[in-house]
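Hi everyone, thanks for coming. I'd like to walk you through one model today, helix by helix, and then finish with a few backbone details. Here it is on the screen.

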Number of protein chains: 2
Amino acid sequence: MCTARAHALWDNVDVVKSKELERRLERAQEQIRLFQSISRLMSRDETLQDTVQAIVDLVQEYMHADSCLLYLLDRDELVLCACSPPRPGAVGRVRLRLGEGLTGWVARQKRLVAISREAYRDPRAKLFHELPEDTYEAIVSVPVVARGRVVGVINVHHREQHAHTGEELELLTTVGEQIGSLLIVARMAPSALDEVSHAALVLSSDSEASTAR
Amino acid sequence: MCTARAHALWDNVDVVKSKELERRLERAQEQIRLFQSISRLMSRDETLQDTVQAIVDLVQEYMHADSCLLYLLDRDELVLCACSPPRPGAVGRVRLRLGEGLTGWVARQKRLVAISREAYRDPRAKLFHELPEDTYEAIVSVPVVARGRVVGVINVHHREQHAHTGEELELLTTVGEQIGSLLIVARMAPSALDEVSHAALVLSSDSEASTAR
């Protein structure tokens, strides 16, 4: 079997393996760049609206999705706050009650949902006919979490069927946590940071004290 | 040249290439896991001290470093707030003035420094003889940044020479941003999150308003 032909077969196996490794590496590097971009957006002193818009744009691009929607809580309602591609008429206007539709279910249950086809048939789905996404095949819907609390939901939609990978679901979970933290960070005026002791905050923290300052 | 021997040479090239790709993929996946862990730590309602300790532990492990030290600002002083491996006697006690030593220089200049050998000879280094790290060969020192402000410094030390990769420096920059955001997040009581409108915060944000709330 130690012939040129046998070698040619093995070469082929190696080439396929290398191509697959290259593809996975590229995808991992895209994911790292996404995390780094979000982190940079968080630590800069930018407008919150610009920041969340930049994040949904990045997520849509990474997911090769048809759209990415961010809903945030306003008391017991979820309000559409950012959209990629942008849809200014819908932002601030589309509202769901907690528990209403798939998005409301995700917020109430604090659980991710991923449907790869016929998402519009899911019993939790509610057709508003307000958004074209209500007729799409695939959706992944992830809670936005801050300090253990659900404060919103991020949805990624594919017009056609899309089998979400474990990596994608993990990434979106992290994005949900990052947006949650961002919503807290944005409430603090940068100048207020000069007046506090960051060391004292850490050194004096215990399970009671850390949340009281 | 189309002989079994020529093929064997090519096989070898492919195997080396695959091994290198596997190594890079593994490193990228480690980096993703690190980001995900830090994000999870941020979004949970944990003690700040436990959280920063967990982060320096993760960084030390990822960097295969001999130690990772986190200093945070207390007015114009940098105070050692976490250490991996743990050194309880030094935490809260070791203090540097802004501009003092390499760490103080990084905080004042808001610039990363990476020295791969003989770090103790750097003119900015100041020997305190308090910490064994002052005699180590390699250091990378990165500002901890919150909303564009330096609030601390994170140092990674190697006892022997260590050529820091671009990936490592980018990762540490991101970790610095994440810790900065965490310090703000930890100031907000989780219960306070129930009383505010996250949607209104985003929808009403403009360059003036976003920092005032």
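Contact here means heavy atoms within 4.5 Å. Helices (H or I, at least four residues) and strands (E, at least two) are DSSP runs, numbered from the N terminus.

A quick word on the ground rules. This is a predicted model, in which local features need pLDDT of at least 70 and side-chain atom pairs count only at pLDDT 80 or more, while totals for chains, interfaces and linings use all residues. Residues are numbered from 1 along each chain as its sequence is written, chains are lettered from A and ligands numbered from 1 in the order in which they are written, and side-chain values use heavy atoms, leaving out hydrogens and water.

Back to H3(A), then. Buried means under 20% relative accessible area, exposed means over 50%, and partly exposed is in between, with a 1.4 Å probe and protein chains only. Following H3(A) comes Lys110(A), and its phi is positive, near 55°.

Now over to chain B and helix H2, residues 48-62. H2(B) has 15 residues and reaches 21 Å from its first C-alpha to its last, close to the 21 Å expected at 1.5 Å a residue. That expected span is 1.5 Å times one less than the number of residues. The buried residues of H2(B) are Leu48(B), Thr51(B), Val52(B), Ile55(B), Val56(B), Val59(B), Gln60(B) and Tyr62(B). Just after H2(B), His64(B) has a positive phi of about 45°.

What does H2(B) pack with? One partner is H4(B), at an angle of about 180° and with the axes 12 Å apart. For these numbers, axes are lines fitted to C-alpha atoms, for helices over the stretch in contact, and angles run from 0 to 180 degrees between N-to-C directions. H2(B) and H4(B) are therefore roughly antiparallel to each other. Angles under 35 degrees count as roughly parallel, over 145 as roughly antiparallel, 65 to 115 as roughly perpendicular and the rest as oblique.

On the H2(B) side, the residues that meet H4(B) are Leu48(B), Thr51(B), Val52(B), Ile55(B), Val59(B) and Tyr62(B). They face Glu168(B), Leu171(B), Leu172(B), Val175(B), Ile179(B), Leu182(B) and Leu183(B) in H4(B). By class, this contact of H2(B) with H4(B) has eleven nonpolar, one polar and one charged residues. Here Ala, Val, Leu, Ile, Met, Phe, Trp, Tyr, Cys and Pro count as nonpolar, Asp, Glu, Lys and Arg as charged, and the others, Gly among them, as polar.

H4(B) also brings us across to the other chain. Helix H4 (residues 166-185) of chain A and helix H4 (residues 166-185) of chain B pack at an angle of about 60°, with their axes 8 Å apart. That makes H4(A) oblique to H4(B). In this pair, Gln178(A), Ser181(A), Ile184(A) and Val185(A) meet Gln178(B), Ser181(B), Ile184(B) and Val185(B).

Another residue to look at between the chains is Gln36(B), in helix H1 (residues 4-43) of chain B. Is Gln36(B) buried or exposed? Gln36(B) counts as buried because its relative accessible area is 5%. Beyond its neighbours within four places in sequence, Gln36(B) is in contact with Gln31(A), Phe35(A), Glu170(A), Leu171(A), Thr174(A) and Glu177(A).

For contrast, please find Glu160(B), in the loop between strand E6 (149-158) and H4 of chain B. Glu160(B) is exposed, with a relative accessible area of 55%. Apart from neighbours within four places in sequence, Glu160(B) is in contact with Asp66(B), Glu137(B) and Ala138(B).

Last, the backbone. Most residues other than glycine have a negative phi, and most peptide bonds are trans. Arg147(B), in the loop between strand E5 (138-146) and E6 of chain B, has a positive phi near 45°. At 3% relative accessibility, Arg147(B) counts as buried. Lys110(B) has a positive phi too, near 55°, and at 43% relative accessibility Lys110(B) counts as partly exposed.

And the cis bonds: the peptide bond from Ser84(A) to Pro85(A) is cis, with omega near 0°. In chain B, a cis peptide bond joins Ser84(B) and Pro85(B), with omega about -5°.
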